Amino acid sequence: HSPFAASKDPSLEKDDSFLLPLRRYGLFQKQLHLLEEVENGFDQFTRSYQTFGVNRQASGGLLFKEWAPGAEALFLTGDFNGWDNFSHPYTKKEFGKWELYLPPQEDRSPAVPHLSKLKVVVHTKNRERLYRNSPWAKYVTKNDTSVVYDWVHWDPLQPYLHIHPRPKKPRSLRIYESHVGIASPEGKIASYTNFTVNVLPRIKDLGYNCIQLMAVMEHAYYASFGYQVTSFFAASSRYGTPDELKKLIDEAHRLGILVLLDVVHSHASKNTEDGLSRFDGTDSCFFHEGPRGEHSLWGSRLFNYSSWEVRRFLLSNLRWWMEEYRFDGFRFDGVTSMLYHHHGVGSFSGDYSEYFGLHVDEESVVYLMVANHILHSLYPDCITIAEDVSGMPGLCRRLAEGGCGFDYRLAMAIPDKWIQILKEYKDEDWNIGNIVYTLTNRRYGEKCISYAESHDQALVGDKTLAFWLMDKEMYTNMSTFIPMTAVIDRGIQLHKMIRLLTHGLGGEGYLNFMGNEFGHPEWLDFPRKGNNESYHYARRQYNLVDTDHLRYRQLYAFDREMNHTEDKYGWLASPPAYITAKHEGDKVIIFERASVVFIFNFHPSQSYSSYRVAVEMPGKYKIKLDSDAVQYGGHGRLDHSTEFFTEAVPFNGRPHSMLVSTVQYTFATAPALAVRFTHPVQRPPQQPTLAMRP
């Protein structure tokens, strides 16, 4: 059924905003038609990395090609010609393009050897001479004494070849958000190889089936967390070589783990010497001129998505990461900034006029539509995730429905809600209804990635959930050799409950930032002048979970079991949960999803015996995941051999119900349960009960 058929209703046609998705779809189709007409389709258009930058030809020669419409002349200089600024001029072509061919040497080896440094010398119409890296540079490095990255020709004789095929798209997406550089307890920048050898096995063990790799696209400023990109086609050299990144991804595929790239097409670094800004000496190359080309809060440049060559550059960039490195998809950063001329500055009320008006940047929206169409056409199992805080309707709907074509969006309100609760409310004042509302407030048919915390919540100025819960006691009281204090007990139990509730109720996928699964303490802060260039907070202390007597192991074990339980029963791939209880006085949340009943008791001091739980399916239920289990830092007060039998007693909108016992968390226990329906049987004469501690 066409979503646009409803526009025949005269009452709807009075609202012009209703027609805007139709208009966007028309603009999208026009873009595809132009690509077909001008470029013979998007296949070759998105392979422009094979013709731009530098590429070795069949003859052994090298073809250099750039787009610099505002330049007066271009020259190539570097190690190969003794840094002569004039000996190798480019030839001007149509539409602002420039080309240079270097024939092979007598022995048929390339004129520019592998790992040679290069620069494009740009002569501007204002008689400036600028030294630039190619926007298409595939590898850039810098010396320890320099702040500027140099273009390095990457052309190994024996490049790494992927062995293992891409895994199939999983039914449930469980994402381990990762940063290669901080993936070590050591106070230094960690490597691709370290991640491959030491972190991938942990991710596999934990039950995550997807990695989201951050800060891979080269960024000159390490403390930008990878969001001020300077070289879009270059994998960051601070972690190692391109081949080492390829090996990382190949090994992940061997383990059955997908790898998504955190791609930044929403803006670019302002850097000129090693970035895109003013590449040809003008303000408008790649970006909008004037204020429209500047992001005032981020201090970065904004792409001109209406430019044919900018679309070539960005769409080819997506294809490059998919083809060359064999990523499995993308998490698109800063989508909210792209969608609106105001870049999302300010709050959204949810009124539909905010999503369908003149403040929406149609050029950006259509770019995202084209990008999703191309990616999903070429790679049917490709996954795309939108980082959008505004709630743009249709963002994760099919293009034919007027949507933008993303597979998932991030449920960004959920982590903010948990931080707000821990900062501002006493345990007894938690608003259970508001928690449930936040976790379920998403449009039906638009899949969301839920998460209790990501890298955003851990950055300097904030703290991890574990640190909000336990703070300084994490330094002294996490040992199993001493009794749990009240603070540690509360923190460990709520840490597990918050994560399981978010996992089960919050979306159709789940995300965890590396280390937070075991309650990583403190916060994230990259080396910078303000902290004396310290790496102390720019690391993940996996040594904590490797120490047998520390309680971090218990949180790690719970996270692992939570993921493996989901893998078995598949609640993330199931329809939204049916909530049967959200009791403010009892502080209890109960819901059903994928034939699993989730029971949470958030009351700080009250346990309940014979608590009636509504269920759809009659029969026998058994405990499958219990946060009070001893191995997860609980107190082991529930008998897992107990079988719960339903009664034909309608309750809370369900035809059947059963009696269970739950326990409070403060000082003694963790109350989160997942009980699994096994098979319909006749209820025995006696209802099993559990003896609960006071």
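In strand 5 (residues 97-102), Glu 99 is the bridge partner of Lys 65. The structure is a predicted model, in which local features need pLDDT of at least 70 and side-chain atom pairs count only at pLDDT 80 or more, while totals for chains, interfaces and linings use all residues. Residues are numbered from 1 along each chain as its sequence is written, and side-chain values use heavy atoms, with hydrogens and water left out.

Helices (H or I, at least four residues) and strands (E, at least two) are DSSP runs, numbered from the N terminus. Two strands pair if DSSP finds at least two bridges between them.

Strands 1 and 2 form a hairpin with five residues between them, and Gly 60 in the turn has a positive phi of about 95 degrees. Across this pair, Asn 55 has Leu 63 of strand 2 as its bridge partner.

Strand 2 (residues 62-67) is largely enclosed by the rest of the structure, because six of its six residues are buried (buried means under 20% relative accessible area, exposed over 50%, and partly exposed in between, with a 1.4 Å probe and protein chains only). From strand 2, Leu 62, Phe 64 and Glu 66 point one way, and Leu 63, Lys 65 and Trp 67 the other way.

| Strands | Sense | Bridges |
|---|---|---|
| Strand 1 and strand 2 | antiparallel | four |
| Strand 2 and strand 5 | antiparallel | six |
| Strand 4 and strand 5 | antiparallel | two |
| Strand 17 and strand 18 | parallel | four |
| Strand 18 and strand 19 | parallel | two |

**Strand 18 and its partners**

Strand 18 (residues 383-386) has Ile 383 and Ile 385 pointing one way and Thr 384 and Ala 386 the other, and all are buried. Thr 384 stands opposite Phe 330, which lies in strand 17 (residues 329-332). Ala 386 stands opposite Arg 409 in strand 19.

**Helix 9**

Helix 9 (residues 413-424) has twelve residues and spans 16 Å from its first C-alpha to its last, close to the expected 16 Å (the expected span is 1.5 Å times one less than the number of residues). Its buried residues are Ile 414, Pro 415, Lys 417, Trp 418, Ile 419, Ile 421 and Leu 422. They pack against helix 10 (432-440), strand 20 (448-450), helix 11 (455-458), helix 12 (465-470) and helix 13 (486-505). An α-helix has 3.6 residues a turn, so residues three or four places apart point the same way.

Ser 337 is found in helix 7 (residues 335-339) and counts as buried because its relative accessibility is 4%. Its C-alpha atom is separated by 6.7 Å from that of Ser 266, which is 71 residues apart along the chain. Leaving aside neighbours within four places in sequence, Ser 337 is in contact with His 295, Trp 298 and His 343 (contact means heavy atoms within 4.5 Å).

Leu 297, by contrast, counts as exposed because its relative accessibility is 61%. Leu 297 lies in the loop between strand 15 (294-295) and strand 16 (300-301).
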